[in-house]
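Me: I would like a close look at one part of this model, then a walk through some of its helix packing. Please keep it brisk.

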Amino acid sequence: MNSTLKRTLGYFKPYWKLLVISAICSSIVGAMDGAIAYLVEPVLKKVFAGKDTFIFMLVPLGIIILFIVRGLTRFTYDMTIKLAGQKAIQDIRNSLYSNTILQDMAFFNRKATGELMSHMTNDIAQMQEGIGQVVSGLFRDLISASSLLGVIFYRNWQLAIISFVVIPATAYPAQLIGKKIKNASGRSLNVMGGLTSILQETFSGVKVIKAFGLQERTIERFRAVNLEFFNQIRRYIKYESLAMPVSEAIISFGVAGVIYFGGSQVMSGRMTPSEFFSFIAAMVMVFTPIKKLQSSYNLLQRSAGAAERVFHILDEHRDIVDSPGAIEIGRSAGLVEFRNVSFSYGGETVLNNISLSASSNQMIALVGPSGGGKTTLVSLLPRFYDVQEGGIFIDGRDIRDISLKSLVSQIALVDQETTLFHDSIANNIRYGKPNASVQEVQEAAQAAFAHDFITQLPDGYNTSIGDRGLRLSGGQRQRICIARALLKNAPILILDEATSALDTESEQMVQKALDNLMANRTTFVIAHRLSTVLHADRIIVLEAGRIVESGTHDDLLTNSGLYSRLHSLQFSDKETAEVANEP
Ligand SMILES: Nc1ncnc2c1ncn2[C@@H]1O[C@H](COP(=O)(O)OP(=O)(O)OP(=O)(O)O)[C@@H](O)[C@H]1O
Ligand SMILES: [Mg+2]
């Protein structure tokens, strides 16, 4: 059995009870098909030969009873197998989601969001279609085909052999077509992934599209991919439509053979007409499940294309995991050391032999030209990526020896992307500490200078972020994010351009709040605006992945290196110079 199918069926294991019930019921349904075909012979014999009116009366009644029983078992069978299918799909969807969200940052850098969404929606829907229809039909059709085949062989095995030499002949083209369908399905889902990516990007970037007047081009791009999707789909429509006529054409040879040889046997008296009719009834009936099996096979191939894509994500290897002996640590003392750290994202070296250390109560500022590696440096700390050389130590312990969970609990991060979730403002702040009381939430918001604007919103802290009409400014969003990080109260705080959207006044206020909160905390601040970092205990200047200077503001100014150059550029105008000269 093919491994994709085997793996898919593995998801049915927990629901074996439902499968057993449906197997029993489908055996009954299938066996009844055989019984009906078999009964044609005795009934016809009695009716035609004996002119038995009693049997004649019984037949319609029997048919009704037979079909009622068949209907009931079929209902149970359908229900149970479909429920099992839905449950299996639910499990697959859950594990796909958790496996995706657990992936390394590098994975998300590699994949477009829309593509990931497409796996969750389109691929799963395609698998669902396959599982829903195929698994439900497969077993019943197998049983009913085999019971009918039993009747066929029982009635006349020589005839049966003649008619069934054609079955292997249909198998080969069927398999060929199935393979084509599977490939076409995989390709069409790929294109669908691209389509979803365009949707995701253009809907969330609609402002840029409007501002640059890119509507026409976006529409064209969408049309092109949509057409590509149609072209892929068209292929498998072709193969799918081809499957049935091809197998029917081949089967017609068998039917012709049976009628010819069977007819001559009846004429020569070696077989009774009733036997022949029973045989023919079984023959005619068996084509339905066989044809269904074939289209199930094709649908199965189509779903296999989707399942392979899903399993591909499930098999995605993660590099950043707990090491075997990883330990849990309590609240860290905040001693952070980078020892000869070098790092690249896979291509060029982004950080080159970085060594620095920071302890509690210290504010370390990272400054320097764009692309210098500041964000990269701090994202190594929560192990978004692992270093290639050297090591990072917290309280003297390599972060790779600490469990990810307790590592992450040491760090609070605010970056420039002010990510808020569709939830109330209070709950968004609570992401920092899920069980925080209202009081704690408000204190954090006050420290982040967010409390005042939040209380002015119609629903205050209960205002939902996703609500229509609620448009927070960039600075307001930043303050909510800062509140969230403050609430986490972690010993290590990372602020990556976290105050860039604030006006000078609120930035100073947030800075003051942070000054208070920096007690017992190691803080890394990244800022382009140098006024933010004047009071840092140490300023580290990163350029092209190297530390080119480090020291206090005054040290660096007297050094007259890169920092003092940047500084004189930023403070050349008098107004900001005043801010800079504040104690
Ligand atoms: N996810 C990534 N994959 C590959 N390369 C990356 C990735 N992120 C950043 N880089 C590269 O690494 C280098 C350092 O980028 P980084 O974001 O650390 O700079 P930065 O100092 O934070 O810059 P900025 O001040 O503009 O925020 C850049 O050359 C950038 O192109
Ligand atoms: Mg950056």
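This is a predicted model: local features need pLDDT of at least 70, side-chain atom pairs count only at pLDDT 80 or more; totals for chains, interfaces and linings use all residues.

How do the residues of the shell around ligand 1 divide into nonpolar, polar and charged?

The shell around ligand 1 divides into 2 nonpolar, 7 polar and 1 charged residues. Here are its members. Asn 109, Tyr 345 and Val 350 take part.

Now the helix pairs. Two packed helices are described by the angle between their axes and the distance between the axes.

Take helix 14 (residues 438-447) and helix 16 (residues 474-488). Their axes lie 8 Å apart, and the packing angle is about 125 degrees. An angle in that range counts as neither roughly perpendicular nor roughly antiparallel, so helix 14 and helix 16 are oblique to each other. Their crossing is right-handed. Helix 14 brings Glu 440, Val 441, Ala 444, Ala 445 and Ala 447 to the contact. Helix 16 answers with Ala 483, Leu 486 and Leu 487. By class, this contact has 7 nonpolar residues, no polar ones and 1 charged. Burial in helix 14 covers Val 441, Gln 442, Ala 444, Ala 445 and Ala 447. Just after helix 14, Phe 449 has a positive phi of about 55 degrees.

Next, helix 6 (residues 157-164) and helix 9 (residues 215-267). Their axes come within 8 Å and cross at roughly 155 degrees. Helix 6 is therefore roughly antiparallel to helix 9, since the cut-off for that label is over 145 degrees. This crossing is right-handed. Leu 159, Ile 162 and Ser 163 come from helix 6. From helix 9 come Gly 254, Gly 257, Val 258, Phe 261 and Gly 262. The residues of this contact divide into 4 nonpolar, 4 polar and no charged.

Last, helix 1 (residues 3-10) and helix 10 (residues 273-314). Here the axes come within 10 Å and cross at roughly 75 degrees. That makes helix 1 roughly perpendicular to helix 10. Thr 4, Leu 5, Arg 7 and Thr 8 of helix 1 meet Ala 304, Ala 307, Glu 308 and Phe 311 of helix 10. The class count for this contact is 4 nonpolar, 2 polar and 2 charged.

Notes:
Residues are numbered from 1 along each chain as its sequence is written. Chains are lettered from A and ligands numbered from 1 in the order in which they are written. A residue is near a molecule or strand if its C-beta atom, placed from the backbone, lies within 6 Å of it. Ala, Val, Leu, Ile, Met, Phe, Trp, Tyr, Cys and Pro count as nonpolar, Asp, Glu, Lys and Arg as charged, and the others, Gly among them, as polar. Axes are lines fitted to C-alpha atoms, for helices over the stretch in contact, and angles run from 0 to 180 degrees between N-to-C directions. Helices (H or I, at least four residues) and strands (E, at least two) are DSSP runs, numbered from the N terminus. Angles under 35 degrees count as roughly parallel, over 145 as roughly antiparallel, 65 to 115 as roughly perpendicular and the rest as oblique. A crossing is left-handed if the near helix is turned anticlockwise from the far one by less than a right angle, and right-handed if clockwise. Two residues are in contact if their C-beta atoms, placed from the backbone, lie within 7 Å. A residue is buried if 20 or more other C-beta atoms lie within 10 Å of its own, exposed if 12 or fewer, and partly exposed in between; C-beta atoms are placed from the backbone.
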